[in-house]
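Good morning, everyone. Let me put the structure up, and then I'll walk you through it.

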2 protein chains.
Amino acid sequence: MSEESSGNTKKVEVVLSPALFPAYFESTDCTVVVIDVFRATSAICAAFESGIKGLIPVANLEEAIKYKSEGYKVGAERNAEVVDGFDFGNSPLGFKDGKFKGETIVLTTTNGTKAVDVAKSAANVVIGSFANLTAVCEYIEKADKDVLLFCAGWKDRFNLEDTLFAGAVAQKITQNLRFQNISDSTIAAMNMYDAAKDDMYGFLGNSSHRKRLSRLNMEEDVIYCLSLDQTDIVPVLEGDIIVSNKS
Amino acid sequence: MSEESSGNTKKVEVVLSPALFPAYFESTDCTVVVIDVFRATSAICAAFESGIKGLIPVANLEEAIKYKSEGYKVGAERNAEVVDGFDFGNSPLGFKDGKFKGETIVLTTTNGTKAVDVAKSAANVVIGSFANLTAVCEYIEKADKDVLLFCAGWKDRFNLEDTLFAGAVAQKITQNLRFQNISDSTIAAMNMYDAAKDDMYGFLGNSSHRKRLSRLNMEEDVIYCLSLDQTDIVPVLEGDIIVSNKS
């Protein structure tokens, strides 16, 4: 909200759903953190930690199939399950053995990779999850731009876990006085993270997506996705490919 | 979320912005509560309490001008101020003297009346504010349908005050076991209302819209808008006109 601007402080806004992105995206000169805690952005962090070279996010299955025909290893997830005929889904544990080390892989997911597509015209687009919380906050401070903490949600609906992560980032970065210009959605996200942070697993017990993953026996994934600072890599979008900020 | 349905319980979903309405509106057989606490829906409640017969909500100024040329008393607000040439804005205190008693008036506002327009195909569309909190909850229970608590927000952005009211309604109606099927946005709204309910005025101290109203010397309006149960009327949409459920 431009009327709220003051001095050189940077805005910190939480975008609670892809459908709200146009209402908050006022200038390309910003850092967008794409957040899909369960599980796309957690999986992308895990994939980089395991040594992949790059990841091409694609928004739809048609594109994913095209890459597969070209010989890429391609992951595809819809409604929390691996799509038949693809090499992997969006389980972060699927990358633990480093089997794609050094490779550039392709991924399409229900929400996360679509959110990357929505955000791609921003100056900085990075991948955030609890797995790289501290690293993302350091990246944001160094970039020193307005920040959109962009929750991928679930099919345009609000979800709790992405909002909690946005609140965690907002709490950390607003300790730096340059990031003080916060919106209502940021206040809400920080408030929720405060209520949840001592027991996120319990807080999310009634959330729609934790219940969805529990039904699919993905509790181990949930535990990984809620574990802080598993990596110091920030995956960043360069052109059409996500690469490590350390490469 | 159809996958979350169980038995005969009714869904309670909070729609945090007009831009999210399509993601939640799955069937017209529901009750939609339109919420614009600062100040359209608070003002509409105050207008009915003061004795107006009906209110025609219009989405744009062109329509409002047309009604004015036909002799109607017409209110128009944009960016929290009365638009030049119109009879009133959306201050609830403007109706206190009962000057429109028995009349059908016309209103267009930045967010609230647009939200009514977005929701109008639902079976029941009602106007909610802290001014009629208990009455709205009783209406919802009697209607016994799925519920969308629809926050008008601010130009498609999330706002805190509408979310708090949605949380207040959700807390009350889920005491009735028929309303148990809640979504992530409902959990978030109830959580926020819990954090705020003992001092809503203070909780909203940093919110964008309370600051906007404070700059415009509208503190008295804010106080009215946060006062519970000023009326037992539920304004309901019938065709293109909002009328009292008591008439």
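Helices (H or I, at least four residues) and strands (E, at least two) are DSSP runs, numbered from the N terminus.

A word on the source. This is a predicted model: local features need pLDDT of at least 70, side-chain atom pairs count only at pLDDT 80 or more, and totals for chains, interfaces and linings use all residues. Residues are numbered from 1 along each chain as its sequence is written, while chains are lettered from A and ligands numbered from 1 in the order in which they are written.

Now over to chain A, and its strand 4. Four of the five residues of strand 4 of chain A, residues 74-78, are buried, so the strand is largely enclosed by the rest of the structure. Strand 4 of chain A runs parallel to strand 6 of chain A, residues 104-108, with three bridges joining them. V74(A) has V106(A) as its bridge partner in strand 6. Strand 4 of chain A is also joined to strand 5 of chain A, residues 81-82, by two bridges, and these two run antiparallel. Here E77(A) stands opposite V82(A). Strands 4 and 5 of chain A form a hairpin with two residues between them. In that turn, N79(A) has a positive phi of about 50°.

Next, helix 6 of chain A. Its 14 residues, 160-173, should span 20 Å at 1.5 Å a residue, and the end C-alpha atoms are 20 Å apart, which agrees. The expected span is 1.5 Å times one less than the number of residues. Is helix 6 of chain A mostly covered or mostly open? Mostly covered: 12 of its 14 residues are buried. Among them are L160(A), F165(A), V169(A) and I173(A).

Stepping back to the whole chain. Chain A has 10 helices and 11 strands. Its radius of gyration is 17 Å, close to the 18 Å that the globule rule gives for 247 residues, so chain A is as compact as a globular protein of that length. The radius is taken over C-alpha atoms, and the rule is 2.2 Å times the number of residues to the power 0.38. Along its principal axes the C-alpha trace of chain A spans about 50 × 40 × 30 Å. Of its 247 residues, 55% count as buried.

Two residues in chain B deserve a stop. V136(B) sits in helix 5 of chain B, residues 133-143. It is buried, with 30 other C-beta atoms within 10 Å. Leaving out residues up to four places away in sequence, V136(B) touches V33(B), V126(B), G128(B), V169(B) and V234(B). Contact means C-beta atoms, placed from the backbone, within 7 Å. Then Q180(B), in the loop between helix 6 and strand 9 of chain B. With 14 C-beta neighbours inside 10 Å, Q180(B) counts as partly exposed. Its C-alpha is 6.5 Å from that of K10(B), 170 residues apart along the chain.

Last, how the chains meet. The contact takes 26 residues from chain A and 26 residues from chain B. Helix 7 of chain A gives the most to the side of chain A that touches chain B, with seven residues. A rotation of 180° with 0.0 Å of shift along its axis superposes chain A on chain B, RMSD 0.0 Å. The two copies are thus related as by a two-fold rotation axis. The superposition is by least squares on C-alpha atoms of residues with pLDDT of at least 70 in both copies. In chain A, the C-alpha nearest the axis belongs to A19(A), 3.0 Å away from it. And 100% of the interface residues of chain A are also interface residues in chain B, so the copies meet through the same surface.

Technical notes:
Buried ≥ 20, exposed ≤ 12 C-beta atoms within 10 Å, placed from the backbone. Pairing = 2+ DSSP bridges.
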